Each structure stands twice: as C-alpha cells, then as structure tokens.
Amino acid sequence: GIASIIIMIKQTLQDNKNLSGVFLCKNSFEFEDGKNEFEYYKSYFGDRVTLVPQDKNRYSTYYGMDQSKVILSINSTAAIEAFGWGKKVLLYDPTPELYLSGDYKAGDWILTENDYNLFTEKINCLLNGTFNTKIFKEYSQYCMKYSGKKSAFMKMQEVLMSNPNLPKRKR
C-alpha cells in the first residue's frame, strides 16, 4: 500500500530532477508522532520534498492542495474536494477489491496497480495536460455537485442522509 507509493514517488523524483514534492503530514511536528513522521520522510526523501505539518488553524491541507500542480492521495476526502475544484488529482488505491476508489468512475485520476511505469505515465499525463479534459471536468463536477447555495459539507450531509442503504444517524 503506502510503502509502494512512497517507493514510486522517490523513484519519480530521482528520475525527474525538475520535479519536487510537498508532503502534507498527518501530524503536527510538536507531537511525538509528528516528529517521527518528519524524521522518516526527511531521511527517505532528503531535500526533494517539503514537509508541511498538520495545522488545522491554518488549513494546511487545503492550502497545500491549492498550491499543488498535481495531488496524489490515498483515501482522502479532501483530495476529492480538490478534484471538485478542478485540481489534477491522482487517487491511489492498491486494494484488490478497490475498497478506496470503488465508488469512483475509472479514469486518469485513479491508479490501482503498484506499477511504476503506469504511475509515471499518469503523473506525466496530469502534469502535461494530456488527459481528456472534458471527461475530467465533467467527472470532477459530478463528484462535488457544487452549489453556490450550500457548502460542500451540507451537500454531502444531505446526500448521505438521503441514501436508503446507509444506517440513519441518531440525533
């Protein structure tokens, strides 16, 4: 899973000296988990990636996504939001049953194999704009179903509450 994608990212950065990466970390660096995460990524990637600690007060996840040319994600709803903004997103799902991406339409935005050549092909496709922009745009709009009248959170809550297959939330 995550080890495979980290190896592919490192190889891509080694093969493409003009690329760099930003890792939006899961933890703040002031806590032990954050320090360990920082040390791990720093020792593995060196100066090829910038590590950004989690900072909910500064919306570090959203800021990082907004500043990125391509977003690579494993099971992140924030990445789906960025997709809805029209950002170039690659969702990585190595699970055999497509547990993480099974609800999404197949396309240039999903990688389901631990295949370095396919990974770099998809990354280059997104970076260079050689994907089908019409399908990409239509599907990103479908994922968000953006409405200027409701926030994404309210829209998602409405969709979830109306789904008869989900258990009803107790109020």
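How much space lies in the largest pocket? About 1400 Å³. Before the exercises, a word on the model: it is predicted, local features need pLDDT of at least 70, side-chain atom pairs count only at pLDDT 80 or more, and totals for chains, interfaces and linings use all residues. Residues are numbered from 1 along each chain as its sequence is written, and side-chain values use heavy atoms, with hydrogens and water left out.

**Exercise 1. Work out how Y40 and Y44 pair, and where they sit.**

Rings of Phe, Tyr and Trp (its six-membered ring) pair if their centres lie within 6.5 Å; planes under 30 degrees apart are stacked, over 60 edge-to-face, and the rest tilted. The structure holds eight such aromatic pairs.

Step two: apply it. The ring centres of Y40 and Y44 are 6.2 Å apart and the planes are at 10 degrees, so this pair is stacked.

Step three: place the residues. Both lie in helix α2 (residues 32-45), four residues apart, about one turn of the helix; helices here are DSSP runs of H or I, at least four residues, and strands are runs of E, at least two, numbered from the N terminus.

Y40 has a relative accessible area of 42% and Y44 one of 26%. Both count as partly exposed, which means between buried (under 20%) and exposed (over 50%), using a 1.4 Å probe and protein chains only.

**Exercise 2. Find what else surrounds Y44.**

Step one: ring pairs link F23, Y40, Y41, Y44 and F45 into a cluster.

Step two: the charged end of K10 sits over the ring of Y44, 4.2 Å from its centre. The test is NZ of Lys or CZ of Arg within 6 Å of the ring centre and within 35 degrees of the ring normal.

**Exercise 3. Name the residues of α1 that are buried.**

Step one: they are I5, I6, M8, I9, T12 and L13.

Step two: these residues cover an arc of only 165 degrees around the axis, which puts them on the same side of α1. The arc is taken from the directions from the helix axis to the C-beta atoms.

Methods: On a 1 Å grid over the protein atoms alone, a cavity is a set of points where a 1.4 Å probe fits but cannot get out, and a pocket is an open set with protein on both sides within 12 Å along at least five of seven lines; lining residues have an atom within 4 Å of a point. Grid points are joined across faces, edges and corners, and a volume is the space filled by probe spheres set on the points.
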